Amino acid sequence: MNVLIVEDIPESQDMLREVATSAFGSVEYECVADLAGSRALGNREFALALIDLSLPDGSGTELIRRMTVEQPSCTVVVTTIYDDDEHVFSALRAGAQGYLHKHEPVEDLVRQLRGILDGQPPLSPAIARRILQYFRTFKPKAPDEALLSLTAREREVLGLLARGISIAAIARELTISPYTAGDHVKNIYRKLNISSRAEAALEARSLGLL
């Protein structure tokens, strides 16, 4: 597994390498300290990206948004000290598929990351509670034409996507190739004019898929 770590504190880089190795075993790393370092990697592809939000030359949200577009099969996970609504929901809207608090015990972080293999989104408990609270207070809207334009298969994919299931796991669930699953996700995003799993979850709720 190729893992990208975007973190400017050396001790945190070491901790995240330890966590990823414990979770997945054989791992190849690329560690950079800022947005400029991530851009210097060019077109190199990763299976997992662990991204801090507060970087010396900007916000990690910018990189999350770019990787979501350029590497849709990469699982992008925030690793940060911030757990307020502004940081959490901005990152999720940008396309983050997980959100972990760096101050959690290492064994908890390992368990959360390992869940990716089973299609489970890696979320720290406090972050999961925030998201659940948001959905408890969310009032669904009536489905619009864009939602109704989705094919039956795209609705299936949307329902799975909104549950935080990875593209690879969606492909296995529906017995299709990861490339086909990725194409369905791109079509869903285009039709609904969205760019993140958080927005996909809202649309899925409107259709009664959650």
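**Salt bridges in a predicted model**

Glu7, Asp52 and Lys102 are linked in a network of salt bridges. A salt bridge is defined here as a side-chain nitrogen of Lys or Arg within 4 Å of a carboxyl oxygen of Asp or Glu. By this rule, the count comes to ten salt bridges. The structure is a predicted model, in which local features need pLDDT of at least 70 and side-chain atom pairs count only at pLDDT 80 or more, while totals for chains, interfaces and linings use all residues. Residues are numbered from 1 along each chain as its sequence is written, and side-chain values use heavy atoms, with hydrogens and water left out.

One of the salt bridges joins the side chains of Arg44 and Glu30, at 2.4 Å from N to O. Arg44 lies in the loop between helix H2 (35-39) and strand E3 (48-51), and Glu30 lies in strand E2 (residues 28-32), so this pair ties together parts that are 14 residues apart in sequence. Helices (H or I, at least four residues) and strands (E, at least two) are DSSP runs, numbered from the N terminus.

Another salt bridge is formed by Arg39 and Glu62, whose closest N and O atoms are 3.5 Å apart. Because Arg39 belongs to helix H2 and Glu62 to helix H3 (residues 60-70), the pair ties together parts that are 23 residues apart in sequence.

Lys191 and Glu154 also meet through their side chains in a salt bridge (2.8 Å, N to O). This pair links distant parts of the chain, with Lys191 in helix H10 (residues 178-192) and Glu154 in helix H8 (residues 152-162), 37 residues apart. Lys191 is partly exposed, with a relative accessible area of 25%, whereas Glu154 is buried, at 5%. Buried means under 20% relative accessible area, exposed over 50%, and partly exposed in between (1.4 Å probe, protein chains only).
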